[in-house]
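Subject: Structure for you to look at

Hello,

Here is the structure I said I would pass on. My notes follow below it.

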Amino acid sequence: MNYLIGEYECKLDTKGRMVVPAALKRQLPDVEREGLVVNRGFEKNLVIYTRAEWNKILKQLSRLNQFQTKNREFVRKFMSGATELMLDAAGRVLLPKSLLEYAEVGAELVLACNLEKIEVWSKAAYEAQMNALSEDDFSDLAEQVMGGFDLEGGLDG
């Protein structure tokens, strides 16, 4: 798996379509053939997955014990609104209105690559999220999260 990188400001047209930026499209070689899947994120955002990555998640979900209420509830909520996206001839995808409303995305949005997925944020919410952590707080967070890792092989010692 190649990890996705980049941050892209985009606009929606009046029908809710977004042009997939060329630099992002180059990182998704199978997108025109396989499409993408968009879903609700855990914050007030959306998440776009490649079809291959989505299938990995479905495989994980299928292993959950469906006799446990919390598992059924999680799968139901997680799958709610999941939609296939196909690029049209102009390289656009149509984002579902219900998902845009959930994430409070208006005409301006940000696509933020996050390892193997793409987060979709309203521009204002993304800026607020990124500005919420000061440089010092970010430094402290980096030490807490990554401080015990040997970047070559995992946890130190």
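Two strands are called paired here if DSSP finds at least two bridges between them. With that in mind, L109 stands opposite S122 in β8. Please note that this is a predicted model.

Overall picture

The protein chain contains seven helices and ten strands. Its C-alpha trace spans about 50 × 45 × 30 Å along the principal axes. Of the 157 residues, 34% count as buried. Among contacts between residues at least 6 apart in sequence, 59% join residues at least 24 apart. The chain exposes about 10300 Å², and carbon and sulfur atoms supply 53% of that area.

Annotated spans

The unreviewed UniProt entry lists "domain: SpoVT-AbrB" for residues 7-53 and 82-125. In the model, residues 7-53 are 23% helix and 38% strand, with the end C-alpha atoms 19 Å apart. Residues 82-125 are 20% helix and 43% strand, and there the end C-alpha atoms lie 21 Å apart.

Strand β8

β8 covers residues 117-122, and six of its six residues are buried, so the strand is largely enclosed by the rest of the structure. In a regular strand the side chains alternate between the two faces of the sheet. In β8, K117, E119 and W121 lie on one side, with I118, V120 and S122 on the other, and both sets are buried.

β8 has β7 (residues 108-114) as an antiparallel partner, joined to it by six bridges. These two strands form a hairpin with two residues between them, and L115 in the turn has a positive phi of about 60°. β8 also pairs with β4 (residues 46-50), again antiparallel, over four bridges. In that pairing, V47 stands opposite E119.

Helix α4

Which residues of α4 are buried? In this helix, residues 69-79, they are N71, V75 and F78. They cover an arc of only 70° around the axis, which puts them on the same side of α4. An α-helix has 3.6 residues a turn, so residues three or four places apart point the same way.

The buried residues of α4 pack against β3 (36-40), β4 and α3 (51-62). The face of α4 turned away from the buried side carries the exposed residues K70, R76 and K77. After α4 comes G81, with a positive phi near 90°.

Regards

Terms used:
Residues numbered from 1 in each chain as written. Predicted model: local features only at pLDDT ≥ 70, side-chain atom pairs only at ≥ 80, totals over all residues. Heavy atoms only, no water. UniProt positions renumbered as here; feature names shortened; annotations may be inferred. Buried < 20%, exposed > 50% of the residue type's maximum accessible area, 1.4 Å probe, protein only. Arc of directions from axis to C-beta. Contact = heavy atoms within 4.5 Å. Areas by Shrake-Rupley, 256 points an atom, 1.4 Å probe, with all protein chains shown as cover.
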